[in-house]
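Hi,

Here is the structure I promised to pass on. Have a look at it first, and then read my notes below.

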Amino acid sequence: MNGGPARLTMSADALSVRKLGPWLSESLAPTGGEAKELQGKMELAVHEVCMNIVDHAYSGQPAEDRSDLHVECWVHPEAVLVRVSDGGSPFQAPAHRPTPGVPQIRGYGLPIVEKLADDVRYERGNGINIWSLRFRRTRTDRSNDRE
Amino acid sequence: MNRGQDTSAEERPGAGRVGSLCSSIAIHDGVSATIVLLGRLDAVEAPALREQFAEIFRAGAITVVVDLVGVSFIDSAGLAALVRARRDAQSAGGDLVLIRPADEAALRVFRLTQFDEVFQMVAHRGAA
């Protein structure tokens, strides 16, 4: 990692978001034996954040008017940090959150992110949305947890 | 699902490769169908999958087995396509049965949302 974060810049569309998987795989190589477990959780979480941006921050905007998504990843001894930034509309928390186990069509993206990451923060400044996700390296997998 | 019906199943002409998600559809006896998915079920593939489910329901099938064994990744958009198909099947008096993904990464989204308790999920096609 040479001290700096791994960086990925991509267009704000669903197809481009597929670049996350291979990029994360490379970025998590320094975690050694933890890489596979981290990748499984982090790919889904970061994917959902990026798709939320594609679907909502750029909703209704033609592709040519959309600014890029920027993703950065820091591997620290205790945790892996990911920051996703974009120049789209400010995030607005959904009015309704899905009830676990009760079927509905939409609204599962961010609850999934919150279950997978140990810390999720959103901030906006200078017209930029910034999502910061933290994944503890030694944490127990909460994928089997229930709300 | 009676696997003996598979050999006489009607292969749908619309079945085939959808982006990076491969799919094949078989209508068995006019009211039941199997769709086998292979690859990545994400926001890119979900619209095409929704159309494939619509095609299955238009063909008269109301009970649909979705084989997810070979699916490597499912996001919330892919999950939503399955939830919608389940709703449509049940509205018609049928159901949607899922064959559990072999890959933990694909199973994760069901566990996180507790849809593993909502969907009828079985380990292999013979149990559907």
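Two strands count as paired if DSSP finds at least two bridges between them; helices (H or I, at least four residues) and strands (E, at least two) are DSSP runs, numbered from the N terminus.

Before going further, some housekeeping. This is a predicted model, where local features need pLDDT of at least 70 and side-chain atom pairs count only at pLDDT 80 or more, while totals for chains, interfaces and linings use all residues. Residues are numbered from 1 along each chain as its sequence is written, chains are lettered from A and ligands numbered from 1 in the order in which they are written, and side-chain values use heavy atoms, leaving out hydrogens and water.

**The sheet and the fold of chain A**

That pair belongs to an open sheet of five strands in chain A, ordered E1-E2-E3-E5-E4 with antiparallel pairing. Strand E1 (6–10) and strand E4 (119–125) are its edges, each pairing on one side only. Overall, chain A has four helices and five strands, in the pattern β-α-α-α-β-β-α-β-β along the sequence. Of its 147 residues, 45% are buried (under 20% relative accessible area; exposed is over 50%, partly exposed in between; 1.4 Å probe, protein chains only).

**Helix H4**

Helix H4 (residues 109–116) of chain A has seven of its eight residues buried, so the rest of the structure largely encloses it. Among the buried ones are A:Leu110, A:Ile112 and A:Val113. The cover includes helix H3 (35–57), E4 and strand E5 (128–136) of chain A, plus helix H2 (76–91) and helix H3 (104–113) of chain B.

**Salt bridges**

There are 13 salt bridges over all chains (a side-chain nitrogen of Lys or Arg within 4 Å of a carboxyl oxygen of Asp or Glu). In one of them A:Arg18 meets B:Asp42, with the closest N and O atoms 2.8 Å apart, and both residues are buried. A:Arg18 also bridges to B:Glu45 (2.7 Å, N to O). B:Glu45 lies in the loop between E4 and H1 of chain B and A:Arg18 in the loop between H1 and H2 of chain A, so this pair joins two chains.

Within chain A, A:Asp118 and A:Arg136 form a salt bridge at 3.7 Å, N to O. A:Asp118 is partly exposed, at 22% relative accessible area, and A:Arg136 is partly exposed too, at 39%.

Cheers

Conventions: Contact = heavy atoms within 4.5 Å.
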